[in-house]
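Here's a quick briefing to read with the structure open beside you. It goes through charged pairs first and then turns to one helix.

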Amino acid sequence: MLRTLYPLKHDPASPIGVMFSGGGARGAFQVGVWEVLSEHPRGLAGFPPAVISGTSAGAINGALIVAGLRPTELLEFWIGLAERPPVKANDRFFADLQRVLLQLAAREPVRGLARRGREARIAMGLFGKHRWYRQSDVWAMVMEFLLTARFDNISHLLDGIQASYLFDTSAFRERLREAIGGDTLPRSDIKLAINTVAIDTGSVLRIVNAEPAKRPQSAHHYLYAPDITLDMILASASIPLLFNPVEVEGKLLWDGGLLVNSPMAPAVALGARRIIPVLVTRGAGMTNTIEDFGHAIERLVDTFLENAYNVDRKLLLDRNVLASKLPAENLAVVSLFEAIRPTSAEVFNAGSYLYFEKQALIRMYQAGRVAAREWLSKGPIRDGRDKPDTFEARERMEAEG
C-alpha cells in the first residue's frame, strides 16, 4: 500500500534531491515549479535541497539556482533569451552550403548518359504515380526523385559541408556569465550534477561539484569539478547539429539529453535519499490522435523524453528492491516522488521546445506554478510500482488501510 507523505521537512538523514529534465524553452516551466517549491510552506521553504541534478535546460536552471539566483531572476534570465536571442548563425555552414550547391550545378551538364537514362525512367514513373498538374504533387515528385534517382547529390551535399552545426553559442556563454557573475559557479552547499555526452565515446559524462559519497560502479562516467565552469554548463545544452559542441578538459561534449534526459542516478550518487523529478512532458492523459504534422513532431519528442524517464525510474525502483533484499550491499533505499509535470497541453506544443517568445515563456512559467501547487496539495505522493491511477484511488486505499 502506498502512503501519502508530507516529507518535505528538513531531515539530514534523508537529503532531498531535485531533478530537472531537459526540454529547451520548456525550462521556463521548471522556473515556475522551483518558485513554488522554494517558497511554499509545504515545499522547500526554509531549506534548500541537498542535491540538484539537471540536463540541458535543467542543467542551466540548476546552475543558476546554485549561483544564488532567486526565482524572479531565473524568470528574467529566460525572458532575456526571448528579448535578446543569444545565438548567431554559423557563417561557415552556409558558406559551405553555397559552395557545394554551386559544385553540384556545375557538374550537372556532364553527368553520364547511362545515369540520365535511368533517371529519366524513374521520372516517367513518377509522372504515372502522381497528379503532376497539382502543385503539392509536384513537390512530392521532386522529393521522391531526389531520394531515389539522385540520392548521390544529397550524400555529396552532406559530405561537402565541413561545419558540423548551424548556430554558434558563444553569445549564450556571455549571457550565462552575466547571470552567474563570473566564469565559474560560486561554491555552494548544494551539490550539483550537470549531465553531458562525450562525443569520442558516445557515453554519458556527469560533471559534479562534489565527490560521490560512495564511489559508483560507473565512476568513470563522473568528472569531479569543484568549480563548475560556464563551458560545462553550456555543454549540457549543446543540442547536436543545432549548436556547436563544447570542449571541456580535452573532451568535446554534447547535450546530455541524448542519453540521460532525466538524471536521477547522479542525485543518488551525491547522497540524495528523496528525489523530486521535474519533467516538461505531460506523460499520461494525452490524446490518442495526431492532429497535424507539428503535433506528430511534439508527440515524437515527448515519446523519447518519456521513455528516458521511464527507464531511469525503473532503474531506481529496481535499485530499491535490491537494497531491501541485499542489506549486505549497503545500498540506501531512495524515495522517489511522482514527477511534477505539465497538467495542460495548452502551451506545450511542437514549437514550445525551441519557442523563445516572451509570452510563451511566461505561460510555461505559470503552468509550472500551477503544477507544483497541485503536486504539493496531493501529498506529495511517493512513486512505486503499485501506484494507483488517481489521487482519489490512493486516498481510498489509505482509508481502507
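What follows is a short tour of some salt bridges and a helix.

Keep in mind that this is a predicted model. A search through the whole structure turns up 15 salt bridges. As a reminder, side chains of opposite charge can pair when their charged atoms come close.

**Salt bridges with an exposed partner**

- Glu178 pairs up with Arg84 in a salt bridge, with 3.8 Å between the closest N and O atoms. This pair joins distant parts of the chain, 94 residues apart: Glu178 sits in helix H8 (residues 170-180), while Arg84 is in the loop between helix H3 (71-83) and strand E3 (88-89).
- Glu178 is exposed, at a relative accessible area of 53%, whereas Arg84 is partly exposed at 46% relative accessibility.
- Lys251 makes a salt bridge with Asp200, and here the closest N and O atoms are 3.0 Å apart. Lys251 belongs to strand E9 (residues 251-255) and Asp200 to the loop between strand E5 (191-198) and strand E6 (203-208), so the pair ties together parts 51 residues apart in sequence.
- At 30% relative accessibility Lys251 counts as partly exposed, but Asp200, at 57%, counts as exposed.

**A buried salt bridge**

- Arg313 and Asp383 bring their side chains together in a salt bridge, at 2.8 Å from N to O. Arg313 comes from helix H11 (residues 293-325) and Asp383 from the loop between helix H12 (358-377) and helix H13 (391-400), which puts the linked parts 70 residues apart.
- Both Arg313 and Asp383 are buried.

**Helix H12, end to end**

- H12 runs for 20 residues and spans 29 Å from first C-alpha to last, close to the 28 Å expected at 1.5 Å a residue.
- After H12 comes Gly379, which has a positive phi near 150°.

**What H12 buries**

- Buried residues in H12 include Ala360, Leu361, Met364, Tyr365, Gly368, Ala372 and Trp375.
- When you look along the helix, remember that an α-helix has 3.6 residues a turn, so residues three or four places apart point the same way.
- Which elements cover the buried residues of H12? Among them are helix H1 (27-39), H3 and strand E10 (274-278).

Definitions and conventions:
Residues numbered from 1 in each chain as written. Predicted model: local features only at pLDDT ≥ 70, side-chain atom pairs only at ≥ 80, totals over all residues. Heavy atoms only, no water. Salt bridge = Lys/Arg side-chain N within 4 Å of Asp/Glu carboxyl O. Helix = DSSP H or I, 4+ residues; strand = E, 2+ residues; numbered from the N terminus. Buried < 20%, exposed > 50% of the residue type's maximum accessible area, 1.4 Å probe, protein only. Expected span 1.5 Å × (residues − 1). Contact = heavy atoms within 4.5 Å.
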